[in-house]
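Welcome! Here is a short briefing to read with the structure open beside you. Take the topics in any order you like.

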Amino acid sequence: MPITGMNHAVLYVRDARRHERFYADVLGFSTIIEEPSGAYVFMRAPASLNHHDIAFFTIGADAGDSEAGRRTVGMYHLAWEVPTLAELEEMKGRLEKVGALVGASDHGANKSLYSRDPDGLEFEVMWLVPAAHWDDSEHQAIIEPLDIGAERRKFAALGLD
């Protein structure tokens, strides 16, 4: 039986309700299930067909920062996809407004924004270039600065903005 894709992620966080507010206010997620005392929250992305895409479990304010990638193994980031470059540009403004944007990269096959959640865990919001336009970038690890305006002009000329 083949795997069809990633369905959801579950994160341990200091305060599930704080993450719930961030994901709702900044990314537009909706709450599906929440434990009344704030022990956990399950959320769905705005255009998702999943029951839930992410869940947060509270472990307390005294929890240490993640050391994944520095001193321990662990997850680097999750990536959320938007359907257009216009929506990626809108998301950039929302992330900047709350001080969560930490980077933007052109990876050839995708255009990516990198951000941090309230506990400093990194996530990506990206637009996937249609496969017909990947060219050689499909098999390259490209990390270039992202100019969303230039990308919108380029892909608008192809009818893909």
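A salt bridge here is a side-chain nitrogen of Lys or Arg within 4 Å of a carboxyl oxygen of Asp or Glu. By that definition, Asp106 and Lys111 form a salt bridge through their side chains, at 2.7 Å from N to O. Please keep in mind that this is a predicted model. The points below start with the charged pairs and then move on to the sheet, the helices and a few single residues.

**Salt bridges**

- Nine salt bridges turn up when the whole structure is searched.
- Buried or exposed: which describes Asp106 and Lys111? Both Asp106 and Lys111 are buried.
- Lys111 also has a salt bridge with Glu151, where the side chains meet at 3.4 Å, N to O. Because Lys111 belongs to strand S7 and Glu151 to helix H3, this pair ties together parts that are 40 residues apart in sequence. Glu151 is buried, as is Lys111.
- Arg17 sits in helix H1 and Glu34 in strand S2, so the pair links parts that are 17 residues apart in sequence.
- Arg17 is partly exposed, with a relative accessible area of 25%, and Glu34 is partly exposed at 40% relative accessibility.

- Four strands form an open sheet in the order S1-S4-S3-S2, with mixed pairing. Strand S1 (9-13) and strand S2 (30-34) stand at the edges, and each has a single partner strand, so one side of each lacks a neighbour in the sheet.
- From one strand to the next, the twist averages 25°.
- How do strands hold on to one another in general? Strands of a sheet pair through backbone hydrogen bonds, in either a parallel or an antiparallel way.
- Strand S3 (residues 40-44) pairs with strand S4 (residues 54-58) in the antiparallel sense, over four bridges. Within this pairing, Val41 has Phe56 in S4 as its bridge partner.
- Helix H1 (residues 16-27) packs on the sheet and touches S1, S2, S3 and S4. The direction of H1 makes about 15° with that of S3.

**Leu27, a residue of H1**

- Leu27 lies in helix H1 and counts as buried because its relative accessibility is 7%, while the cut-off for buried is under 20%.
- Beyond its neighbours within four places in sequence, Leu27 is in contact with Phe22, Pro46, Met91, Leu95, Phe123 and Val125.
- The C-alpha atoms of Leu27 and Ile59 are separated by 23 Å, and these residues are 32 apart along the chain.

**Strand S5 and its partner S8**

- Strand S5 (residues 78-81) has a covered face made of Leu78 and Trp80, and an uncovered face made of Ala79 and Glu81.
- S5 pairs with S8 in the parallel sense, over four bridges. In this pairing, Trp80 stands opposite Val125 in S8.

**Helix H3 and what covers it**

- Which residues of helix H3 (residues 148-156) are buried? They are Ile148, Glu151 and Phe155. These three are on the same side of H3, because they cover an arc of only 60° around the axis.
- The cover over the buried residues of H3 includes helix H2 (85-97), strand S6 (101-106), S7 and strand S8 (122-128).
- At the start of H3, a side-chain oxygen of Asp147 comes to within 3.2 Å of the backbone nitrogen of Gly149.

**Ser115, inside strand S7**

- Ser115 is part of strand S7 (residues 110-116). With a relative accessibility of 0%, Ser115 counts as buried.
- Setting aside neighbours within four places in sequence, Ser115 is in contact with Leu95, Ala100, Leu101, Val102, Leu121, Glu122 and Phe123.

- Most residues other than glycine have a negative phi.
- Asp135 is not a glycine, yet it has a positive phi of about 50°.
- Where is Asp135 found? Asp135 is in the loop between S8 and strand S9 (144-145), and it is exposed, with a relative accessible area of 65%.

Technical notes. Residues numbered from 1 in each chain as written. Predicted model: local features only at pLDDT ≥ 70, side-chain atom pairs only at ≥ 80, totals over all residues. Heavy atoms only, no water. Helix = DSSP H or I, 4+ residues; strand = E, 2+ residues; numbered from the N terminus. Buried < 20%, exposed > 50% of the residue type's maximum accessible area, 1.4 Å probe, protein only. Contact = heavy atoms within 4.5 Å. Pairing = 2+ DSSP bridges. Axes fitted to C-alpha atoms, helices over the stretch in contact; angles between N-to-C directions. Arc of directions from axis to C-beta. Polar contact = N/O pair within 3.5 Å; in protein donor to acceptor, adjacent residues only side chain to side chain.
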